[in-house]
Amino acid sequence: MSAKKEKKEPSVWHGFKAFLMRGNVVDLAVAVVIGAAFTNIVNAVVKGIINPLVGAIGTQNLDNYSSCLKDPCKVGADGTVKSGVPILWGSVLGATLTFVITAAVVYFLMVLPMSKYLARQAARKAAREGTKEVVEVSELEVLKEIRDALVAQRGSGHGDR
């Protein structure tokens with residue numbers, strides 16, 4: 001029975017804790033929270049800037065743009081189709097614009113600066129390692145010279161005796 005106690009399996013709690021403490025899970029959780037907060041900013045940009053720009057051409061509400069595939073198209077106030085086959089391309093356009101704006105802001109404000117920062121860090125690390133390697137090589141050369149001098153000194157010392 002003592003062998004069973006020694007071979008204690010990890011509990012479900014320890015497994016769950018290890019899962020949560022993995023870097024990927026924590027990074028993902030942070031990304032989801034930041035993404036949710038960031039969605040509000042993007043929606044405000046679309047509502048405050050993009051929709052008025054589109055409104056200068058037509059209407060600010062892109063959901064109003066549609067085409068009818070099969071006449072007569074009648075859509076109720078609640079969005080249900082009464083007759084015909086409407087294609088609501090305005091809402092697709094709005095969602096696409098929101099996605100493109102989100103992707104652009106994430107890239108230009110997060111990904112690009114972070115990649116430049118990481119590249120600078122890698123260059124600094126490479127420069128530090130390069131100087132360290134030069135120092136190590138020069139130390140190695142000095143040690144080889146000392147060894148060769150000692151070997152030469154021993155060789156000449158044995159001949160004198």
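**Chatting through the model**

User: Hi! Where does Arg-147 fall: buried, partly exposed or exposed?
Analyst: Arg-147 counts as partly exposed, at 49% relative accessibility. Buried means under 20% relative accessible area, exposed means over 50%, and partly exposed is in between, using a 1.4 Å probe and protein chains only.

User: What should I know about the model?
Analyst: This is a predicted model, where local features need pLDDT of at least 70 and side-chain atom pairs count only at pLDDT 80 or more, while totals for chains, interfaces and linings use all residues. Residues are numbered from 1 along each chain as its sequence is written, and side-chain values use heavy atoms, leaving out hydrogens and water.

User: Back to Arg-147: which residue does Arg-147 form a salt bridge with?
Analyst: Its partner is Asp-148, with the closest N and O atoms 3.1 Å apart. A salt bridge here is a side-chain nitrogen of Lys or Arg within 4 Å of a carboxyl oxygen of Asp or Glu. Asp-148 is partly exposed too, at 44% relative accessibility.

User: How many salt bridges are found in the whole structure?
Analyst: One salt bridge turns up in the search of the whole structure.

User: New topic! How many helices and strands does the protein have?
Analyst: There are four helices and two strands, and from the N terminus they run α-α-α-β-β-α. Both are DSSP runs numbered from the N terminus: helices are H or I with at least four residues, strands are E with at least two.

User: What share of the residues count as buried?
Analyst: Of 161 residues, 7% count as buried. Gly-94 and Tyr-65 are 29 residues apart in sequence, with their C-alpha atoms 10.0 Å apart in space.

User: And which residues make the nonpolar surface patch?
Analyst: Val-26, Val-30, Ile-34, Tyr-107, Phe-108, Leu-109, Met-110 and Val-111 make a patch of about 740 Å². Patches take residues with over 30% relative accessible area and no salt bridge, joining like charges within 9 Å and nonpolar side chains (Val, Leu, Ile, Met, Phe, Trp, Tyr) within 5 Å. Areas come from the Shrake-Rupley method with a 1.4 Å probe, and for residues only the protein chains shown count as cover.

User: Which helix gives the most to the nonpolar patch?
Analyst: That would be α4, with five residues. Val-111 sits in α4 and is partly exposed at 42%.

User: Which residues gather in the patch of positive charge?
Analyst: Lys-116, Arg-120, Arg-124, Lys-125 and Arg-128 gather there on the surface. Lys and Arg count as positive, Asp and Glu as negative, with His and chain ends not counted; the charge is placed at NZ of Lys, CZ of Arg, CG of Asp or CD of Glu. Lys-125 is in helix α4, residues 89–160, and is partly exposed at 47% relative accessibility.
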